[in-house]
Amino acid sequence: MTYHFDLTKFGDGRSFVERFKPRELGNSKFNIKVRKTDLSLIDRLAELTGKSRAFILNALVQNILMDMLHERYEEDEDSAALLALYADQKLGKSESSTDGWSAALFGLESYFAKSYWLRHDDDNYEPSEEYWEITRRIQALKK
Amino acid sequence: MKKTLASKIKLSLNDSLSETGSDAFETITLRPNEDVGAMISALNELLRLPVSTLFVDEISKKLCDLLLESKDNQSIIQEFLDEPLQAGSALSLLERKGAIEDEADGEGTALTFVDE
C-alpha cells in the first residue's frame with residue numbers, strides 16, 4: 001500500500017523526537033566568579049553541614065535563578081514566560097510540564113499550597129490543635 | 001528584550017570585574033543539574049548575560065539575606081570579622097544594612113542584628 005503525505009496538514013513546530021529529547025545539557029559546566037570572602041563563608045557552611053562547596057553553590061545558584069526569573073516576571077511577564085519556556089524546551093519539557101521553569105514561575109505546583117497559607121493572613125483563621133502541637137514540636141527541635 | 005537601567009548598570013559593573021581586582025575573586029567551575037544549566041544557557045543566549053560574572057553580586061546578596069534570617073547566624077559571622085570586609089561581599093552588605101557595626105573604639109567589631 002502506498003501512502004502520500006499532504007504536507008499542508010503538518011505544522012512547522014518541533015518534531016516528535018525533538019519534543020521529547022533533552023538537548024545536550026548532561027555535562028554542562030560554567031566558570032563563574034565568586035568573591036573570595038563569600039567563598040570562605042560557603043566553605044565554612046560546607047564544613048558545618050557536611051555538604052560540599054559544589055552542592056551549596058549549586059543550591060544558591062538555583063535559588064538565585066528563581067529570584068531573577070520572578071523579578072523579571074514583575075517587570076515583564078512576557079519575557080519571563082518566554083525565558084522559562086525556552087529553558088524548559090531545552091530540557092525536552094513544555095510550558096505545561098509540572099516540574100519545569102514555567103511551572104515554577106506560574107506556580108502550577110504550589111498554587112494550592114499558596115492558597116492555603118494565604119488563609120493564615122486572615123485574622124479570623126484558626127488552625128487546628130494538631131497544627132499548634134506540630135508547631136511546638138518544630139520549635140523544640142530547633143532549640 | 002527589555003532591560004532596566006539598573007540591570008544595565010549592574011552588567012556594566014560586572015563586566016569590569018573581570019578586568020580589575022582579580023585577587024578579590026575566585027573562578028569556580030559550576031556543574032549544575034540540567035534544570036539550572038538550561039536556565040543559565042537561556043540567560044546567556046537570549047539576554048546576552050555573561051555567565052562568568054552573572055552570579056558575583058547575586059551570591060553576595062543571597063548569602064547576606066540568608067544570614068539575616070536567623071540570629072543563630074551570629075556565631076558564623078563572627079568567625080569572619082577579624083579580617084577587613086571585602087567590598088560588595090555578603091559581610092559588607094550586612095554592614096551596609098546596619099546588621100553589623102564596626103565599633104569606633106577600636107576594640108573589635110560588635111554585632112547588632114536588626115530585629116524584625
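**View 1. The largest nonpolar core of the predicted model.** L69(A), M39(B) and A90(B) touch the most other members among the 37 residues of the largest nonpolar core. Such a core is a set of buried Ala, Val, Leu, Ile, Met, Phe, Trp, Tyr and Cys residues joined through C-beta atoms within 7 Å. A residue counts as buried if 20 or more other C-beta atoms lie within 10 Å of its own, as exposed if 12 or fewer do, and as partly exposed in between, with C-beta atoms placed from the backbone. Because domain 1 (1-54) and domain 2 (71-116) of chain B both give residues to this core, it lies between them; the domain bounds come from an automatic or database domain assignment. Leaving aside residues up to four places away in sequence, L69(A) touches A80(A), L83(A), A84(A), W101(A) and L105(A). Contact requires the C-beta atoms of two residues, placed from the backbone, to lie within 7 Å.

The model is predicted: local features need pLDDT of at least 70, side-chain atom pairs count only at pLDDT 80 or more, and totals for chains, interfaces and linings use all residues. Residues are numbered from 1 along each chain as its sequence is written, while chains are lettered from A and ligands numbered from 1 in the order in which they are written.

**View 2. Helix 4 of chain A and its surroundings.** Helix 4 (residues 77-90) of chain A has 14 residues and reaches 20 Å from its first C-alpha to its last, close to the 20 Å expected at 1.5 Å a residue. That expected span is 1.5 Å times one less than the number of residues. Helices (H or I, at least four residues) and strands (E, at least two) are DSSP runs numbered from the N terminus. The buried residues of this helix include A80(A), L83(A), A84(A) and A87(A). Their cover includes helix 3 (53-75) and helix 5 (101-106) of chain A together with helix 2 of chain B. G92(A), with a positive phi near 80 degrees, follows helix 4 of chain A.

**View 3. Strand pairing between the chains.** Strand 1 (residues 30-35) of chain A pairs with strand 1 of chain B in the antiparallel sense over six bridges; pairing requires at least two bridges found by DSSP. T27(B), in strand 1 of chain B, is the bridge partner of K33(A).

**View 4. The loop residue R48(B).** R48(B) lies in the loop between helix 2 and helix 3 of chain B. Its phi is near 60 degrees, a positive value in a residue other than glycine. R48(B) is exposed, with 10 other C-beta atoms within 10 Å.
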